[in-house]
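Good morning, and thank you for coming.

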Amino acid sequence: MDAVKAIQYYTNRMVTDVSGMKVLLLDRETTPMISLVSTQSYLLAKETYLVDRIENSGRDAMRHLKCICFVRPTDASLQALLDELRSPKYGDYYIYFSNILKKSMIEVLAENDESEVVREIQEFYADFYAPTPCLFHIGLTPSVHPLFAEGHSWNPGALGRTVQGLCALLLSLKKRPNIRYERNSAMALKLGQELEYLMSHEAGLFGTKGVDSHAQLFIVDRKNDPVTPLLTQWTYHALLYELIGINNGRIDLSHVPGIRAEVKEVMLSQDQDTFFKQSQHLNFGDLGASIKKLVELYQTNTKSHHQIESIADMKRFVEAYPEFRKLSGNVTKHVTLVGELSRLVAERHLLAVSELEQSLACNEQHNSDLKALRALISDAKITAENKVRCAILYALRYERAQSNAIAELKQLLTSNGVDADQVASIDVVLRYAGAGERQSDLFQNENLFSRGRSIFKGLQGVENVYTQHTPALAEMVEQIVRGKQGLHWQERLPNLDPKARPPLLGNENGMHNQDIIVFVVGGVTMEEEMAVAKLNEKLASQNVRLMIGGTSIQTSSSFLAELSTTFFP
Amino acid sequence: MGTFETPPLSCPICGVQAGTLQLLNMHLDEMHLSDSPRRPAQQDDLDDVADAILGFFRSKPRAPEPVARGRRVVDGPGVVRSLTAGFASQRRAAVSAARLEDNRVERRIERLALAHRGGSELQEAEQRVVAWEADDARESCPLCERRFGRLTVRRHHCRICGRLVCGSCTEVLSVGQGLRMCGDCGRTVARIRTRHESAPGGGALLAHYEAIRAGMAEADGLLPAFNKMVGGRDLGRAAALRRRLTRAFGDIDRASKAVAALPGASPTDARLHAAIRRAVVTYLQTHMFTLSVVPSRAPASLPATPLPPRSASGELPAVDPVPVSASTTTSVPPPVSESTTATSMSTTATGVSPTGGGGGLAASLLSYVIPSRPTATGKEQAALLLDDLVERALSADPQRQARLAETPLEEKLASLQVLRDQRQRVLGFISEAQRERRLEDAISLQASLSDLDVELSIIERNL
């Protein structure tokens with residue numbers, strides 16, 4: 001179960017099965033999906049010398065090249081493909097669709113290939129984004145595919161794309177899972193039904209030999225945990241997403257003051273970059289130590305290279321040369337990134353903000369929280385976004401508290417110069433995921449029993465005040481896998497098909513030899529990705545493998561922006 | 001056409017009645033195929049004329065490659081589904097219909113071309129090949145739906161299908177005295193042209209590319225065996241393999257440089273050539289490491305070189321591509337080993353070493369005679385030889401000079417600095433090798449020293 005490898009398998013097949021000088025044609029959506037998991041040097045090594053977009057009609061004709069088309073079967077891409085076949089620019093065409101093609105389209109394609117340039121047409125199900133091995137997403141963006149139609153219901157376009165993406169993921173991993181969904185979520189149910197329909201409709205594909213039918217797919221809804229996407233993140237990968245922004249593996253640094261030209265845009269890839277692979281889940285403090293080690297390593301390497309005195313030295317240099325080159329590029333990149341992160345952390349006083357956030361997310365202490373929050377809102381050094389985020393967290397936790405001060409805080413925000421729109425996002429989030437919408441007792445403060453548990457947790461002591469929070473989803477999965485509170489989860493996460501096997505959760509021995517995919521309608525966060533990566537290590541002894549995905553990757557700003565279009569009061 | 005009362009059509013040659021224009025024209029195609037304006041015409045004659053006029057259609061029709069068939073289902077992680085078989089059978093139907101139409105149009109054009117040779121009474125001759133629609137048969141253009149008028153949207157007959165179309169929906173095919181044809185027939189003609197188009201271009205590129213692929217195939221075949229031998233005792237065989245590998249790498253490098261130097265008809269060509277060169281540089285960088293740990297020939301007394309720990313695998317991690325600068329052939333370290341190995345052979349072959357020499361015996365002696373310090377005459381001789389070498393290097397690559405002239409000064413200075421650094425280093429290695437009596441190494445180092453000298457003086461001349 002590795003999302004990155006799943007896509008790499010298809011990419012590899014495409015460029016290896018066809019030998020000779022090649023051009024790779026991609027479309028608007030397959031371009032980022034492929035570039036997330038492969039590099040230019042990889043493509044070059046596979047004789048793929050040119051990469052272009054199929055929509056680009058100004059390409060020069062090069063009949064001596066073979067052409068690999070990897071496109072999504074969307075109307076726009078199919079039209080571009082038909083145009084291409086009517087006046088072919090390359091010698092032979094090998095066409096790969098990233099998803100199931102309508103049967104009628106084959107006929108249309110056949111009619112338009114009058115010059116007989118097509119050698120092969122196949123479906124290669126690489127139709128999702130794979131930023132890390134245990135994380136995938138569908139890449140829904142509010143501008144192309146708004147998620148909600150009105151309230152908690154699917155926009156049809158987004159639903160269709162999500163079903164396709166999940167279908168491709170399952171085929172690429174060879175899973176025909178049993179589907180469970182969060183009982184209070186109409187969107188999770190709808191997605192499950194559509195997916196189940198597609199899987200039974202395409203029985204040929206999902207009945208292929210070797211397809212694992214014991215896997216589980218849990219479809220959950222972001223509204224049951226609105227807290228995680230609102231928290232300041234402290235691990236490397238998550239920080240980059242939250243503070244600088246990663247767009248399909250690319251980081252744009254051109255706005256950074258005094259940036260050097262060669263690092264204006266950098267790529268992050270686990271495959272190519274061992275330092276990143278090792279430190280993506282380190283928290284900010286450990287990251288500092290780790291980058292210092294990297295620089296020292298680089299310095300000793302450089303020094304040894306300056307003292308080439310013997311043939312043996314030179315040989316050693318030549319041996320280490322590619323490693324060395326990679327290292328030197330990497331050092332510049334990571335030093336720049338970490339430098340920029342720490343500048344932003346200091347500029348926005350994120351340590352102070354985060355301390356309050358974590359307290360609001362994890363501990364029930366109304367009076368002191370309110371006091372701290374008032375002080376934060378009145379503090380001119382804190383940005384408006386951060387004030388609002390803390391206020392939303394407060395509103396979520398104390399929504400049902402008798403003496404909550406939500407109205408007063410709104411006024412305080414306004415009087416401190418925060419936009420009315422931003423203040424309104426408190427109500428937006430409450431409408432989307434207030435206590436009435438949520439199914440679980442997220443803050444464990446709704447009854448005496450859960451309050452007791454919450455206090456007990458508080459007594460266990462915390463390692464790091466900034467990273468106390470654990471995503472609700474990770475707790476859920478761990479309890480299910482370990483066989484704890486089976487009936488509780490059985491109630492909240494029912495099977496789509498009530499008669500399906502296995503009907504029950506909560507065998508006391510827990511789960512063994514099980515692959516579980518969790519899909520979050522409304523977007524997944526990097527904190528959850530890290531939690532799942534860690535759980536994968538913890539649960540390896542039970543041979544349980546996890547993967548998490550979502551309609552998109554959410555940061556606090558993208559989360560609030562998406563909600564404000566639909567849940568505005 | 002349906003709503004119009006069309007007058008009965010009859011064949012202008014035999015008078016047979018035909019229901020529609022299409023049917024009539026098909027009748028003309030089939031029954032009067034061999035008819036020509038000046039009967040009786042010989043088929044050979046016809047072919048000659050057609051060849052002369054339609055030569056561009058005729059060069060080497062391309063046989064379609066067989067379509068890969070079958071359902072390759074699962075042989076790796078992900079599910080795949082092949083639609084090729086279904087596609088191919090649907091295409092067969094579509095293509096054979098199109099082929100029929102193509103042949104028909106092609107034959108009509110040939111006969112029209114012949115008709116044009118007849119000179120007088122062009123229209124009449126044309127209509128004997130293709131019957132025309134009556135002028136009042138249509139009120140609007142069937143392609144753009146605009147109504148015909150006396151002045152604005154004028155009627156024209158398509159010479160290939162005989163239909164009435166408006167002027168803006170026609171183009172003129174430059175066959176005979178020019179054939180006006182409608183958009184539909186124009187598309188068919190374009191399709192025929194694509195099908196008959198001469199063999200794909202890129203002749204020179206393809207030749208060089210084949211050389212690269214052949215070199216890589218050879219190197220890939222040799223490398224596993226060679227890497228196994230590295231650090232072993234059988235230095236004789238290792239050295240033999242090494243020579244073959246060096247030759248293969250040299251071929252690859254040369255061919256890729258030739259590709260990079262090819263003139264690009266378009267920016268895309270230039271991009272393609274640069275990408276091929278970049279791929280080769282990366283390939284060489286990744287695969288040439290192990291070469292440096294085996295001496296270039298079986299030494300009599302050389303102790304086995306200790307193996308650096310990770311050299312045994314040829315599969316080093318992919319390197320980020322290095323931008324190739326045209327001004328430096330000897331750039332950063334990996335090419336040093338490249339030039340060391342590649343030139344050790346060429347120097348002995350061309351007899352370039354300061355002491356000169358020739359013939360098998362002299363060459364073998366040469367390997368043991370290395371002047372520790374060139375004498376005054378030796379120096380002069382060396383300078384002369386150097387000039388000679390520079391000339392030779394430049395004549396081997398005529399565009400070099402021009403490229404150098406375009407290189408900015410800073411870049412030249414920078415590469416000069418790199419080369420000088422390397423020269424200093426190589427001098428150090430030579431004296432060390434001589435001190436330790438590692439004559440083999442000293443020889444190949446000497447060779448790379450002269451290489452560096454050539455490179456230096458080429459750049460210095462161009463400053």
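A residue is called buried here when its relative accessible area is under 20%. With that cut-off, 44% of the 463 residues of chain B count as buried. Please bear in mind that this is a predicted model.

Let me continue with chain B as a whole. Its accessible surface comes to about 24300 Å², and carbon and sulfur atoms hold 54% of that area. The chain contains 14 helices and seven strands. Among the contacts in chain B with a separation of 6 or more, 66% join residues 24 or more positions apart.

I turn now to an annotated region. An unreviewed UniProt entry lists residues 135-190 of chain B as "domain: FYVE-type". In the model, this span is 14% helix and 25% strand, and its end C-alpha atoms lie 27 Å apart.

At what angle do helix α3 and helix α5 of chain B pack? The angle between α3(B), residues 84-117, and α5(B), residues 183-196, is about 100°, and their axes are 10 Å apart. The two helices are therefore roughly perpendicular, since angles of 65 to 115 degrees count as such. On the side of α3(B), the contact is made by residues including B:Ala98, B:Arg99, B:Val105 and B:Ile109; on the side of α5(B), the residues include B:Thr188, B:Val189, B:Ile192 and B:His196. Taken together, the residues of this contact comprise five nonpolar, two polar and six charged.

Thank you for your attention.

Methods
Residues numbered from 1 in each chain as written. Chains lettered and ligands numbered in written order. Predicted model: local features only at pLDDT ≥ 70, side-chain atom pairs only at ≥ 80, totals over all residues. Heavy atoms only, no water. Axes fitted to C-alpha atoms, helices over the stretch in contact; angles between N-to-C directions. Helix = DSSP H or I, 4+ residues; strand = E, 2+ residues; numbered from the N terminus. Parallel < 35°, antiparallel > 145°, perpendicular 65-115°, else oblique. Contact = heavy atoms within 4.5 Å. Nonpolar A, V, L, I, M, F, W, Y, C, P; charged D, E, K, R; others polar. UniProt positions renumbered as here; feature names shortened; annotations may be inferred. Buried < 20%, exposed > 50% of the residue type's maximum accessible area, 1.4 Å probe, protein only. Areas by Shrake-Rupley, 256 points an atom, 1.4 Å probe, with all protein chains shown as cover.
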